[in-house]
Amino acid sequence: MKKNIFLLALIVLSFSVFQEAQAFEIPFLKKSPKSEIRALLKEHNKALAKKDIDKVKTYYDKEYLSADGFDVDDLAMMLEKTYSAYGNIKYKTKINNISTFDNWALVQMSDTSFAKVYPDEDKSKEKMGRLDGKSSYVVYLKKTDEGWKIISDEVLMEETSLKYGIANKIDMELVTPVFVKNGREYDLSLKMDKPDDIVALASISREEIVYPPAEANEKFRRMPDDGDLERLVRANNKNLDEYAIASIGFTRVSVNEEELKARIEVLGMAYIMKRINMEKIKGQKTSLVKNE
């Protein structure tokens with residue numbers, strides 16, 4: 001009996017201490033900055049998964065500006081268009097490292113994205129398109145009166161592909177430099193391993209990363225049967241990062257000998273986009289100025 005009374009008293013005392021710990025926020029029970037940041041980024045990703053754009057915006061500081069010059073409103077519009085085009089898009093995010101210093105933090109992250117896309121109401125497997133993306137980036141945060149807020153971010157590497165039909169079965173690669181110098185020429189090439197009876201028409205272009213994006217000027221050429229499709233382009237002289245873009249269409253041509261007519265059958269198409277960052281010149285100041 002005495003043991004039971006002692007145990008009951010111990011439970012009551014423990015509960016009382018726990019209540020005081022909550023009331024006075026005993027230091028050893030407080031979350032560390034890294035734990036707070038992990039929790040915030042987890043909630044941020046949940047809001048992205050739910051496509052709750054208004055909620056997503058609450059995790060950003062009012063002075064947020066990405067390294068590409070996009071503010072929170074630009075971000076919201078880009079998310080809205082992404083969700084509209086890819087309603088079932090899924091993200092998988094990984095936090096690689098968190099560094100904190102006073103009221104500032106730097107988080108190295110990577111993610112992958114996937115979506116099924118159908119060109120019309122016919123949701124057959126043959127017509128299904130597949131969106132795949134991967135990126136590596138850095139998120140900067142600062143501690144405010146409202147808690148941690150994202151103040152900026154910078155994409156280090158990024159690649160996205162959208163493939164329909166037979167394009168999902170053909171190995172292809174858009175080869176680009178990771179960095180280029182302001183206003184300098186650089187080479188883009190498209191490598192592909194396709195069956196001999198399939199004709200591939202492709203275009204390679206580059207565009208500056210601005211919002212809204214500019215329309216690319218595409219010029220399609222037939223993929224050589226014995227080599228890669230290459231193009232020499234010149235980087236912009238505005239110090240803006242760029243995207244390299246490849247557009248490919250796959251067809252098969254057959255001839256009806258009786259009617260002497262050629263039949264062109266569209267088998268699939270693909271779009272590949274890779275990020276190319278502008279090489280920073282030694283001593284150059286990084287400017288987060290919004291692109292007009």
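I began with the surface: the protein exposes about 19300 Å², and carbon and sulfur atoms supply 53% of that. These areas come from the Shrake-Rupley method with a 1.4 Å probe, and for residues only the protein chains shown count as cover.

Before going on, I noted that this is a predicted model, where local features need pLDDT of at least 70, side-chain atom pairs count only at pLDDT 80 or more, and totals for chains, interfaces and linings use all residues. Residues are numbered from 1 along each chain as its sequence is written, and side-chain values use heavy atoms, with hydrogens and water left out.

Next came the overall make-up. I found four helices and twelve strands; helices (H or I, at least four residues) and strands (E, at least two) are DSSP runs numbered from the N terminus. Of the 292 residues, 35% count as buried, where buried means under 20% relative accessible area, exposed over 50%, and partly exposed in between.

Six bridges join strand 7 (residues 185-193) to strand 10, and L190 stands opposite L229 in strand 10.

Which residues does N182 touch, beyond its neighbours within four places in sequence? I listed N236, N237, K238, N239 and M278, with contact meaning heavy atoms within 4.5 Å. N182 sits in the loop between strand 6 (179-180) and strand 7. N182 and N236 are 54 residues apart in sequence, yet their C-alpha atoms are 6.3 Å apart. A polar atom of the N182 side chain lies 3.5 Å from the backbone nitrogen of K238. At 30% relative accessibility, N182 counts as partly exposed.

The side chains of E208 and K238 form one of them (3.2 Å, N to O). E208 lies in strand 8 (residues 199-208) and K238 in the loop between strand 10 and strand 11 (242-256), so the pair ties together parts 30 residues apart in sequence. K238 counts as exposed, at 52% relative accessibility.

My last entry is on D61, which meets K142 in a salt bridge (3.9 Å, N to O). D61 is in the loop between helix 3 and helix 4, and K142 is in strand 3 (residues 129-144), 81 residues apart. Buried or exposed, I asked of D61? D61 is buried, with a relative accessible area of 9%.

Methods:
Two strands pair if DSSP finds at least two bridges between them. Buried means under 20% relative accessible area, exposed over 50%, partly exposed in between (1.4 Å probe, protein chains only). A polar contact is a pair of N or O atoms within 3.5 Å; within protein, one must be able to donate a hydrogen and the other to accept it, and residues adjacent in sequence count only if both atoms are side-chain atoms. A salt bridge is a side-chain nitrogen of Lys or Arg within 4 Å of a carboxyl oxygen of Asp or Glu.
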